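Open the model in your viewer and keep the selection panel at hand. We will go from stop to stop.

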Number of protein chains: 2
Amino acid sequence: MSESALAIRAAELDAADELGKIREQFVLDETVYLDGNSLGALPAAVPAHVADVVAREWGELRIRSWTESGWWEAPERIGDLIAPLVGAAAGQIVVGDSTSVNVFKAVVGAVRLAGEGRDEILVDEGTFPTDGYIATSAARLTGCTVRPVPLDSLAAAVGPRTAAVLINHVDYRSGRLHDLPGLTAAVQAAGALVVWDLCHSAGALPVGLDAHGVDLAVGCTYKFLNGGPGSPAYLYVAARHQAAFDSPLPGWNSHVEPFGMRPEFMPVDGARRGRVGTPDILSMAALEAALGVWDGVPVEAVRAKSLALTDFFLECVAAYVPEGRVSVLTPLDHDARGSQVALRCEDASDVMAALIARGVVGDFRAPDVLRFGFTPLYLGFADVERAARVLAEVL
Amino acid sequence: MSESALAIRAAELDAADELGKIREQFVLDETVYLDGNSLGALPAAVPAHVADVVAREWGELRIRSWTESGWWEAPERIGDLIAPLVGAAAGQIVVGDSTSVNVFKAVVGAVRLAGEGRDEILVDEGTFPTDGYIATSAARLTGCTVRPVPLDSLAAAVGPRTAAVLINHVDYRSGRLHDLPGLTAAVQAAGALVVWDLCHSAGALPVGLDAHGVDLAVGCTYKFLNGGPGSPAYLYVAARHQAAFDSPLPGWNSHVEPFGMRPEFMPVDGARRGRVGTPDILSMAALEAALGVWDGVPVEAVRAKSLALTDFFLECVAAYVPEGRVSVLTPLDHDARGSQVALRCEDASDVMAALIARGVVGDFRAPDVLRFGFTPLYLGFADVERAARVLAEVL
């Protein structure tokens, strides 16, 4: 299809887009921002809410805000806002700490839940590096070994010695979406527990944690959930595991009576057991306001638009970019595609710099990957067509 | 001395106070805020800085701010702002995560630095509970045992099996200041490492980490450093230990090449080795702005005023409060006093509620302690006199 035909198609698709109006709830400019899978754009409700938390809740009420402004319960309250986005019933998610710290809690917790006689942790071979580093540390501290395995052969690799398997739902590099229901079942059939890292999927597609019987999960909140730079991550512990969940970071916030100041640790029940220290209120406040954009937005509609956007981007790239100049790393099969498109390109680093200079912001992943993230809440089809057009110009 | 005489003394002391003008750099009201040892008051520079980070750095520059707005280096940069306040040369402090998480890094790190054959962790008997919980978890994961010891007999308790000793610099309940130089020397004489928790001392008195050869230290930033609710904590690793410091939380941020996305972990040198995951930028921004109030303020002057404030408070309490109604838990000896006064009082919970209702905010610690924190940067002597007067009225 020609350039003008694709531009017309884009306009038609935007006109028919039921999620199109949500874009108004974000602070955007003329840039085509395809890096929402790294740092989500600013939701318009955030600045005023953060300003109020700083000036009134901290500045005026001070210490009283721990009770009067709901600071103390923020980790569980915000966890319950994230829950429906990842298919979890309330009471299973707690927000706080970084993703890495939550991977540590989840992997050590999973090893302990798996019980005696299981001393092996499997991680997906293409894991985001920090997951592998932290899993290795968890293994060292719990007397386990770590083994990276290709996910294609996970069912064969998992066995009677496997305690836990840590898997990224969407591969950060290629954008490949892994089979959460099938891999969960395979891990559990071997008597092990699965820990899913949802960093690159939550907020872009349905996860179905409860429906698929996932054991534990972690995720960040600054990508498709738009919580802001370094906003706190979250931990999901399935209700059936909570009573036995034994955190390696039992801070005073997970004590049954945090202000009792007792010398012995006695863990609280429920999601709160995943808490550690004092919650980071300013970042939580930004995240809480950011999650407001999801009011009444079904994740299924977001997924449908995400696939339409990435399909359309691939179509435009195929139409505009000289053949052979880039190759598509992201699976074409919808069932295996996250909400990003990765293109392999020899001079990817230079190309991305040129794209950014022309107002199309994606990111570069060494050594040769152009990575474009598609956030359905604030991206339109015209943005996508323009991105492909500018990419073709640069190339 | 009579009430009016003490009020006149207060006015004279305020007039002569060289730190008196710093109060203008805080957002205050008619309340006498004696809870800065729990949550510091809002520095006036914070709201505008946080608003700029949200609206411009996040909202406009988005992902570019990781490099262009200095987000990536924030943990070390802010660590270097804290360093002079605790007597550390630059390059040894990194900001991030909660105090509890940093206690975990420090205690496991200390056990590993102590080397083979040492399998015991000592904690001070009156420790803030979370330190004890986390030390117990660190012990369990490293094959050690934990033993609480009274600090008076620490020198006798520490021995050839001791790997690490975790001590609170100021007791959170009584306000007792522990002998950092002496205890550090005693621990090191036995070949063990010391980890100091500075939560209740940093920003109120000189700590002298380098001068006294401390091994590792942690602290929060929301008390006397006024960083805001749940602002990130910090970790100090003495320069001589950094090359061998082996963190139990080796996240991608402590990798020598964080964006190399290498499967093997290779730790970076220096303070950055204490980092874990993505830093929490909004909270860091508030903290960085808050630390501006320390420009040109020597900690020694703050300490002198702190002692003068607590002396004067004790004098006013003695003059105003009916004898026998409260007893003083905080040491009268300056060398053993932090920047708080704890009064034991049978009906402490009710008394504190009545005080707060009358605009004097301290806090209650179960079962019978009235706790008053004195932040020399924004408290004056007239505040102190008024607090004692209102306390006497309530009693």
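Predicted model: local features only at pLDDT ≥ 70, side-chain atom pairs only at ≥ 80, totals over all residues.

Residues are numbered from 1 along each chain as its sequence is written, chains are lettered from A and ligands numbered from 1 in the order written, and side-chain values use heavy atoms, leaving out hydrogens and water.

**Stop 1: chains A and B.** Select both chains. The contact (heavy atoms within 4.5 Å) takes 69 residues from chain B and 69 residues from chain A. Together the chains bury about 5700 Å². Buried area is the accessible area (1.4 Å probe) that two parts lose on being put together, summed over both. Now pick B:W58, B:R62 and B:Y133. They supply 15% of the area that chain B buries against chain A, more than any other three residues.

**Stop 2: a salt bridge.** Select A:R140 and B:D246. They form a salt bridge, with the closest N and O atoms 2.5 Å apart. The rule (a side-chain nitrogen of Lys or Arg within 4 Å of a carboxyl oxygen of Asp or Glu) finds four across this interface of chain B and chain A.

**Stop 3: inside chain A.** Color domain 1 (3-30 + 297-394) and domain 2 (51-294) of chain A; the bounds come from an automatic or database domain assignment. Their C-alpha centres lie 30 Å apart. How many salt bridges link domain 1 and domain 2 of chain A? The count is zero. Still, 27 residues of domain 1 are in contact with 20 residues of domain 2 in chain A.
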